[in-house]
Amino acid sequence: MIVLVTGCRSGFGLHTAVLLAREGHVVYAGLRDLSTRAELDRACAGLAVTPVQLDVTDPEQRLGVMQQILGQHGRIDALVNNAGVALGGFWEEVSEAEVRRVFEVNVFGVWALTQQVLPVMRAQGSGHIVQVSSASGRIALPGLGVYAGSKFALEGMSEALRHEVGPLGIQVTLVEPGPYRTDMTTGPNRTLAAAAARPDSPYAANHARAEALFDRISRSMGEPQDVAHRIVRILATRHPRLRHPMGLSANVRLFATWLLPFALWERLVRALTAPR
Ligand SMILES: NC(=O)c1ccc[n+]([C@@H]2O[C@H](COP(=O)([O-])OP(=O)(O)OC[C@H]3O[C@@H](n4cnc5c(N)ncnc54)[C@H](OP(=O)(O)O)[C@@H]3O)[C@@H](O)[C@H]2O)c1
């Protein structure tokens with residue numbers, strides 16, 4: 001398969017690019033900034049991985065990468081929309097620029113790149129689009145509303161897309177991990193809204209409680225290789241289902257929200273997250 005994976009400097013993207021190449025696929029690995037390719041180069045030594053400059057919010061870069069892939073192979077079999085950013089902060093304190101940034105990457109970038117591959121896959125009569133969503137695309141928790149909003153949008157758009165292009169032979173799937181150990185959760189891409197980081201934030205006590213809860217969760221976080229393995233398996237499946245929740249935390253939350261009336265779920269979330 002000829003596969004384009006976005007956001008390959010670190011985390012799920014890096015591991016997915018490596019695993020796909022080890023399985024014998026030809027991988028184009030998008031990097032927001034090509035000069036950060038050292039870890040990818042190390043991990044992919046000897047494998048059929050081509051690092052490409054691809055900030056998913058940049059229309060020229062999106063076009064350039066597609067032209068490169070089509071110029072070299074005349075086809076693209078799979079797109080893994082993995083690049084993403086997170087943002088912590090309550091509704092009242094996130095700035096417009098911060099909200100727009102999250103939606104530019106997690107929604108508009110994904111929409112635009114996907115739109116670019118669709119005519120090619122439609123002409124081929126085959127293709128697979130894997131959207132790396134999140135458990136936060138199904139269940140929204142306090143302090144993560146903007147991130148959840150972007151992933152809810154991705155879920156809705158992708159569900160509709162699946163109906164639209166399934167009859168054309170194109171698969172659309174959503175991967176929904178809970179917390180995994182990557183740069184987004186425990187590294188430099190863990191992002192808090194500027195106002196939320198201030199000690200005089202009206203939600204400072206909420207953030208402190210959330211941090212304590214997060215520290216406990218961090219100890220049992222999954223490893224990014226597991227998500228990469230799942231993506232590779234999904235791509236190898238002929239008729240994969242739409243949604244693929246991943247990890248204990250995501251599955252427990254989904255089960256709880258399926259089982260409990262919302263009023264009870266709300267009390268549970270409040271008990272776990274509101275300042276005591
Ligand atoms: N880790 C989790 O617990 C978790 C759970 C559920 C869902 N997810 C989702 O999984 C995906 C991958 O995240 P991760 O956990 O692997 O975190 P990560 O290690 O921070 O990886 C995110 C990648 O996206 C890249 N990126 C950010 N903005 C970009 C842009 N404009 N254009 C191209 N690439 C861009 C980052 O590059 P730079 O570092 O160079 O900016 C980075 O390589 C995201 O969509 C995230 O929402 C993560």
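Alanine 17 touches Val5, Cys8, Val27, Ala29, Leu40, Cys44 and Val49, leaving out residues up to four places away in sequence; contact here means that the C-beta atoms, placed from the backbone, lie within 7 Å. The model is a predicted one, in which local features need pLDDT of at least 70 and side-chain atom pairs count only at pLDDT 80 or more, while totals for chains, interfaces and linings use all residues. Residues are numbered from 1 along each chain as its sequence is written.

Ala17 also turns up in the largest nonpolar core, which has 59 residues, and the members with the most contacts inside that core are Ala17, Val27 and Ala29. A nonpolar core is a set of buried Ala, Val, Leu, Ile, Met, Phe, Trp, Tyr and Cys residues joined through C-beta atoms within 7 Å. Buried, in turn, calls for 20 or more other C-beta atoms within 10 Å of the residue's own, exposed for 12 or fewer, and partly exposed covers what is in between, again with C-beta atoms placed from the backbone. As a general point, nonpolar side chains in soluble globular proteins tend to be buried together.

On to helix packing. Helices (H or I, at least four residues) and strands (E, at least two) are DSSP runs, numbered from the N terminus. Helix α1 (residues 11-22) and helix α8 (residues 224-236) have axes that come within 8 Å and cross at roughly 50°, so α1 is oblique to α8. Axes are lines fitted to C-alpha atoms, for helices over the stretch in contact, with angles from 0 to 180 degrees between N-to-C directions. Angles under 35 degrees count as roughly parallel, over 145 as roughly antiparallel, 65 to 115 as roughly perpendicular, and the rest as oblique. On the α1 side the contact is made by Gly11, Phe12, His15, Thr16, Leu19 and Leu20, and on the α8 side by Pro224, Gln225, Val227, Ala228, His229, Ile231 and Val232. Sorted by class, these come to 8 nonpolar, 5 polar and no charged residues; Ala, Val, Leu, Ile, Met, Phe, Trp, Tyr, Cys and Pro count as nonpolar, Asp, Glu, Lys and Arg as charged, and the others, Gly among them, as polar.

The axes of helix α4 (residues 96-124) and helix α5 (residues 145-165) likewise come within 8 Å, crossing at roughly 15°, and therefore α4 is roughly parallel to α5. The α4 residues Val99, Val102, Phe103, Asn106, Val107, Val110, Trp111 and Leu118 meet Val146, Tyr147, Ser150, Lys151, Ala153, Leu154, Met157 and Val165 of α5. This contact has 13 nonpolar, 2 polar and 1 charged residues.

Threonine 173 sits in strand β6 (residues 170-177) and counts as buried because it has 22 C-beta neighbours inside 10 Å. Outside the four places on either side in sequence, threonine 173 is in contact with Val130, Ile234, Pro240, Leu242 and His244. Its C-alpha atom is separated by 7.2 Å from that of proline 240, 67 residues apart along the chain.

Leucine 192 lies in the loop between α6 (183-186) and α7 (204-218), and is buried with 20 C-beta neighbours inside 10 Å. Beyond four places in sequence, leucine 192 touches Gly88, Gly89 and Ala197. Alanine 197 is found in the loop between α6 and α7 and is partly exposed, with 14 other C-beta atoms within 10 Å. Glutamate 60, in helix α3 (residues 59-73), is exposed, with 8 other C-beta atoms within 10 Å.

Note on methods. Two residues are in contact if their C-beta atoms, placed from the backbone, lie within 7 Å.
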